[in-house]
Amino acid sequence: MILKHLSLLNYKNITEAELDLSDGLNCFIGQNGMGKTNLLDAVYFLSMCKSSTTSQDQMVVKHDADFMVLQGQYLREDGEPEDIYCGLKRGQKKQFRRDKKTYKRIAEHIGLIPIVLVSPSDQMLILGGSEERRRFMDMVISQSDLPYLDALMRYNKALQQRNVLLKMEEEPDPDLLSLWEEAMAREGELIYLKRKAYIKAFTPCFQEFYESISMGHEKVTLEYVSHGSRGPLLETIQRDRAKDRAVGYSLHGIHKDDLEMTLGGYPMKREGSQGQNKTYLIALKLAEYEFLRRVGNGTTPILLLDDIFDKLDATRVEQIVKLVSNGNFGQTFITDTNRDHLDSILSHMDQPHCLFHVAQGEITLESTK
């Protein structure tokens with residue numbers, strides 16, 4: 001999928017912008033806080049129906065405005081156009097339209113325009129709690145597997161209802177408790193198998209990208225850890241029902257899944273330097289891109305690279321430049337404060353590109369090829 005034209009109105013600090021974009025590389029240069037990340041976030045919003053930086057939709061509306069509008073004019077692989085519209089008024093729910101038709105369920109849009117974002121906040125995949133790593137798996141699999149997303153929503157609803165019962169002062173109805181546990185087990189088994197298959201297919205590609213960026217100096221692993229591996233999930237969930245009742249929430253289930261990330265056999269969180277952590281994260285996201293390209297709906301993903309070169313030595317920067325400029329990636333968006341990085345990428349590329357300057361939410365085209 002190619003984003004040919006992007007319209008923004010009152011999105012974060014961007015009052016208004018109309019951008020004709022390159023099918024290849026789109027570079028955005030400017031100081032921090034000028035709106036580069038907000039622009040990439042708008043592209044992300046049109047794909048994932050939400051911001052990458054906040055869970056509250058209302059926060060993306062410009063401070064002095066009552067509404068925001070995003071519109072993307074895309075070109076599919078078969079040459080057919082796609083028009084995606086998103087509007088949001090303060091105090092109301094967002095509206096998503098595809099070719100002027102409003103979605104009955106916004107979740108139906110997920111996966112139509114696959115996208116991969118690499119940003120500084122990705123460090124929480126390593127440093128944060130297990131919920132960050134589960135979200136990483138869910139974001140990738142959901143874009144290529146709508147039944148997975150539906151199962152995930154059903155599981156979360158069952159988990160929420162079970163937790164409500166566990167928190168009750170009086171003893172909950174055991175039959176009702178069993179009903180939600182069975183729903184958790186049924187959906188959870190499906191989610192576990194899909195996550196397990198995903199990590200098995202994903203890991204070799206991830207290790208290949210890491211080895212390429214690090215010039216083979218380090219070895220990394222990624223291991224999926226789940227209560228689903230202990231046997232029938234229903235038995236696992238029900239085994240400690242009394243303990244769950246005491247703490248007031250569910251201690252077992254696929255909502256506790258995690259990914260163990262290691263460097264040289266040791267936990268990445270403890271052993272990795274800033275540069276190694278950044279390399280690990282970039283390799284994860286590039287492998288995510290390759291996975292979606294191979295197993296998705298036949299649509300080439302859009303790649304967003306937000307300030308990825310910080311805290312990397314010159315050798316690793318050079319390797320990343322070679323990777324993203326070798327023609328294996330589709331439409332790519334890159335932001336940076338350092339013009340030298342972008343000039344280096346452009347000098348290695350033979351494909352079309354646009355270079356934009358961003359200042360105080362104003363976006364201007366500097367050069368194009």
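Author: Let us begin with accessibility: a residue is buried when its relative accessible area is under 20%, exposed when it is over 50%, and partly exposed in between, with a 1.4 Å probe and protein chains only. The model is predicted, so local features need pLDDT of at least 70 and side-chain atom pairs count only at pLDDT 80 or more, while totals for chains, interfaces and linings use all residues. Residues are numbered from 1 along each chain as its sequence is written, and side-chain values use heavy atoms, with hydrogens and water left out.

Reader: Why is Val225 called partly exposed?

Author: Val225 has a relative accessibility of 33%, and therefore counts as partly exposed. Val225 belongs to strand 9, residues 220-225 (strands are DSSP runs of E with at least two residues, helices are runs of H or I with at least four, and both are numbered from the N terminus). Leaving out residues up to four places away in sequence, Val225 touches Asp257, Asp258 and Glu260, where contact means heavy atoms within 4.5 Å.

Reader: What makes Thr332 count as buried?

Author: Its relative accessibility is 2%, and so Thr332 is classed as buried. Thr332 lies in strand 13, residues 332-336, and, not counting residues up to four places away in sequence, touches Gly24, Leu25, Asn26, Leu303 and Leu305.

Reader: What makes a set of residues a nonpolar core?

Author: The members must be buried Ala, Val, Leu, Ile, Met, Phe, Trp, Tyr or Cys residues, joined through side-chain atoms within 4.5 Å. The largest such core here has 66 residues, and Phe136, Tyr198, Phe202, Phe206, Leu222, Tyr280 and Leu284 touch the most other members. Helix 5, residues 174-214, gives the most to this core, with 13 residues. Apart from it lies another core of 46 residues, including Val61, Ile110, Met139 and Cys354.

Reader: How do you know that helix 5 is oblique to helix 9?

Author: Helix 5 and helix 9, residues 274-295, pack at an angle of about 130°, with their axes 8 Å apart. Axes are lines fitted to C-alpha atoms, for helices over the stretch in contact, and angles run from 0 to 180 degrees between N-to-C directions. Angles under 35 degrees count as roughly parallel, over 145 as roughly antiparallel, 65 to 115 as roughly perpendicular and the rest as oblique, and therefore helix 5 is oblique to helix 9.
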